[in-house]
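Work through the exercises below with the sequence and the model open side by side. Try each task before reading its solution.

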Amino acid sequence: MARLAKDHGLEIFRIAEAEIHGGSVCFFLGKKGIRPVESSVTNMVRREHELDQAGMVASFVTGASAATLELGAMVRTLSAQGKIVDCYGASAKGVTVLNAAGLTKKEIRQCLDASPRKHGRYVPGVNVPIRPMW
């Protein structure tokens, strides 16, 4: 995030953590040099460095990549066998996984979601139709 901010003349001046979704991070950005950089930023950088040094970042990347490849292969195999594959829930995280696995409407018939606001729309990037659960 710091590199992205820097590329646009911004900097992170505060970081807040939230418990939503098992742990999330909120970044507060501003024009470089306008606000003092809070200790929350240096503390997060230190924690990330410690995780990286412990090999946890590389381990996570390896595991996530393997799981994504496995999911894509499994769904493509099922689809090639003539089986119907539907998704349950059109969440942002699910959209990310489908896109990362390279899955499309060729393999997935539909995505069922409880939110009426999503019905009749399509999963971004994979073009799978979103339909009501019930």
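This is a predicted model: local features need pLDDT of at least 70, side-chain atom pairs count only at pLDDT 80 or more; totals for chains, interfaces and linings use all residues.

**Exercise 1.** Determine which residues line the largest pocket and which helices supply them.

Solution. 
1. The largest pocket holds about 270 Å³ of space.
2. Its lining consists of Phe-60, Ala-64, Ala-67, Thr-68, Leu-71, Lys-93, Thr-96, Val-97 and Ala-100.
3. Helix H3 (56–80) and helix H4 (92–101) each give at least two residues to this lining. The largest share, 5 residues, is from H3.
4. Sorted by class, the lining has 6 nonpolar, 2 polar and 1 charged residues.

**Exercise 2.** Carry out the analysis for the second largest pocket, and state which element gives the most to its lining.

Solution. 
1. About 230 Å³ of space lies in the second largest pocket.
2. Met-1, Ala-2, Arg-3, Leu-4, Ile-12, Ile-15, Phe-27, Val-41, Met-44, Val-45 and Glu-48 form its lining.
3. Two or more of these residues come from each of helix H1 (2–7), strand S1 (10–18) and helix H2 (39–53). H2 gives the most, with 4 residues.
4. By class, this lining divides into 9 nonpolar, no polar and 2 charged residues.

**Exercise 3.** How many salt bridges does a search of the whole structure find? Locate the partners of Arg-14 and Glu-17, and say which parts each pair ties together.

Solution. 
1. The search finds 6 salt bridges.
2. Arg-14 pairs with Glu-38, with the closest N and O atoms 3.1 Å apart.
3. Arg-14 counts as partly exposed at 30% relative accessibility, and Glu-38 counts as partly exposed at 32%.
4. Glu-17 forms a salt bridge with Arg-47, at 2.6 Å from N to O. Because Glu-17 lies in strand S1 and Arg-47 in helix H2, the pair ties together parts that are 30 residues apart in sequence.
5. Glu-17 is exposed, at 53% relative accessible area, whereas Arg-47 is partly exposed at 35%.

**Exercise 4.** Which parts of the chain does the salt bridge of Arg-109 and Asp-86 tie together?

Solution. 
1. The side chains of Arg-109 and Asp-86 meet at 2.5 Å, N to O.
2. Arg-109 is in the loop between H4 and strand S4 (110–113), and Asp-86 is in strand S3 (residues 86–88), so the parts tied together are 23 residues apart in sequence.
3. Arg-109 is partly exposed at 44% relative accessibility. Asp-86 is partly exposed at 30%.

Terms used:
Residues are numbered from 1 along each chain as its sequence is written. Side-chain values use heavy atoms; hydrogens and water are left out. On a 1 Å grid over the protein atoms alone, a cavity is a set of points where a 1.4 Å probe fits but cannot get out, and a pocket is an open set with protein on both sides within 12 Å along at least five of seven lines; lining residues have an atom within 4 Å of a point. Grid points are joined across faces, edges and corners, and a volume is the space filled by probe spheres set on the points. Ala, Val, Leu, Ile, Met, Phe, Trp, Tyr, Cys and Pro count as nonpolar, Asp, Glu, Lys and Arg as charged, and the others, Gly among them, as polar. A salt bridge is a side-chain nitrogen of Lys or Arg within 4 Å of a carboxyl oxygen of Asp or Glu. Buried means under 20% relative accessible area, exposed over 50%, partly exposed in between (1.4 Å probe, protein chains only).
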